[in-house]
Amino acid sequence: MLIKSIRLNNIRSYNQKEIQFSLGSTLLSGDIGSGKSTILLAMDFALFGLSKGIITGEALLRHGQKEGFVELNFSIDSNDIKIRRTLK
């Protein structure tokens with residue numbers, strides 16, 4: 001699986017953000033609270049949905065917002081796949 005991009009809308013500290021990933025390895029770095037874990041949690045949510053006991057939809061949704069989404073674009077065996085999950 002090759003992750004190409006992730007798009008976040010009203011997910012934790014991100015209002016609207018699209019992150020493009022280049023070929024090869026990617027290092028997420030930044031100060032504490034800069035959103036590194038949010039990107040990983042959003043990928044987990046896109047692929048597997050909400051995991052009971054790990055994080056709730058309310059904790060993933062940006063404070064004060066009523067809905068948001070995560071869109072993950074990746075490829076497997078040259079097949080492009082887009083997954084979009086919405087929180088309300």
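Q: What makes a residue a contact of leucine 8?
A: Contact means heavy atoms within 4.5 Å. Leaving aside neighbours within four places in sequence, leucine 8 is in contact with Tyr14, Asn15, Gln16, Lys17, Ala42, Phe69 and Val70. This is a predicted model, in which local features need pLDDT of at least 70, side-chain atom pairs count only at pLDDT 80 or more, and totals for chains, interfaces and linings use all residues. Residues are numbered from 1 along each chain as its sequence is written, and side-chain values use heavy atoms, with hydrogens and water left out.

Q: Why is methionine 1 called exposed?
A: Exposed means over 50% relative accessible area, buried under 20%, and partly exposed in between (1.4 Å probe, protein chains only). Methionine 1 has a relative accessible area of 59%, and therefore counts as exposed.

Q: What makes aspartate 80 and lysine 4 a salt bridge?
A: A salt bridge requires a side-chain nitrogen of Lys or Arg within 4 Å of a carboxyl oxygen of Asp or Glu. The closest N and O atoms of aspartate 80 and lysine 4 are 2.6 Å apart, and the pair forms a salt bridge. Aspartate 80 is exposed at 61% relative accessibility, whereas lysine 4, at 31%, is partly exposed.

Q: Why is glutamate 71 called buried?
A: The relative accessible area of glutamate 71 is 8%, so this residue is buried. Its side chain meets that of arginine 7 in a salt bridge (3.5 Å, N to O). Arginine 7 is partly exposed, at 32% relative accessibility. Glutamate 71 also forms a salt bridge with lysine 82 (4.0 Å, N to O).
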